[in-house]
Every structure is written in C-alpha cells, then in structure tokens.
Amino acid sequence: MMKVISVVFSAFLALVLAGAAPVSAAPATEQVSRAELLQRAETWLTANNGTQVPYSMELYWHDGYRQDCSGFVSMAAKLEKENPLGGPNTEALVTEEYTIPLAIADLRPGDLLIDSVDEPGADFRHVVIFERWTKDDRSEYMAYEQRGGHGTDHRPLTYGLEPDSKYRAYRLKNVVG
C-alpha cells in the first residue's frame, strides 16, 4: 500500500514540477491564422444567396454572430459568440481580453482598426479588418467591414489615417502567423 501511495505521489509531483497547466473553467479562445481570418471575412460577401450579409445590430446570421461590425469581426476571428451573445462588441474588443494596441505602421493582415469612442453628436463605434496597404505611401488600405445601410464590404479605406481620428490599431490575441 505504501508503495502505491509513493508511486502516485511521485507521479503527481512530476506533473507539478513539469509545469502542467492548471485546469480552467473558462474555455480558451480558438486560434486562427491571418489567412483564415481574412477568408472567413470574405465568406460574408456572398453568404446571403450570393450577396453580402445585411447589416443589423439586432439580428443574428445563421452562424450565430450578430450582423453588425463587431459580430462580423468576432465571426472572422472565431471569437466566442455566447457571452456576450453574438460576439464581443467594439468596446470589449479593445480590452486586453481580446486585443493589444499597436502602431498603424505595424498593421498586418487581419489586424483591426477600431473606433470605440461614442460621443454625443459624433459618429458611432466601428471596427474594420485590415487586409493590406493599397498605396506605397500608406495613405489607404483594403479592409473588410460590416457597415450600416450596406452589409458586408471589401473596399479601400482611410479610417485611422486622418489627423485626430478616433480609430486605433489593434492586434487580436488569438491570431497566429
């Protein structure tokens, strides 16, 4: 009996000393490559019987994500959609739970430009997915977005490049590559 206890204790000690990860109740966010994130974003351009997914802050697409800009980003990045329902909103996306801030000059495919400020009389919060620079002087870029009055789009933008812009660059923590 003492030998069995000794073997069990030795095995337990070996796991602890080897740095075994503790069991967590919270599910880990699934990782996604930059290329896969952009491919997933592109799917909403034709997901609605060949047309873009329509914009809505109240409706959810067939995959369970909200049909607004942050729901779109959550879908493309494989972020959880159960809590908050339909994916994290723009305010949550700028927290350390999901992203890290970065300089505009350091943008890579799949990074985000987010305006998380909501001021009276001003524009509304918004997030877009950076794809690539379209001009050598970095004065314009291609992005995927889910925008009101249109739905899913893939177009050249300048959000965040204008003086005094409220848009900031962020990198999703679950993006690899």
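Contact here means heavy atoms within 4.5 Å of each other, and helices are DSSP runs (H or I, at least four residues) numbered from the N terminus. The model is a predicted one, in which local features need pLDDT of at least 70 and side-chain atom pairs count only at pLDDT 80 or more, while totals for chains, interfaces and linings use all residues. Residues are numbered from 1 along each chain as its sequence is written, and side-chain values use heavy atoms, with hydrogens and water left out.

On one side of the α2–α3 contact sit L37, R40, A41 and T43 of α2; F72, M75 and A76 of α3 meet them. Sorted by class, these residues come out as five nonpolar (Ala, Val, Leu, Ile, Met, Phe, Trp, Tyr, Cys and Pro), one charged (Asp, Glu, Lys and Arg) and one polar (the others, Gly among them). Helix α2 spans residues 34-43 and helix α3 residues 69-76, and their axes cross at roughly 130 degrees, coming within 8 Å. Such axes are lines fitted to C-alpha atoms, for helices over the stretch in contact, with angles from 0 to 180 degrees between N-to-C directions.

How values were computed:
Helices (H or I, at least four residues) and strands (E, at least two) are DSSP runs, numbered from the N terminus.
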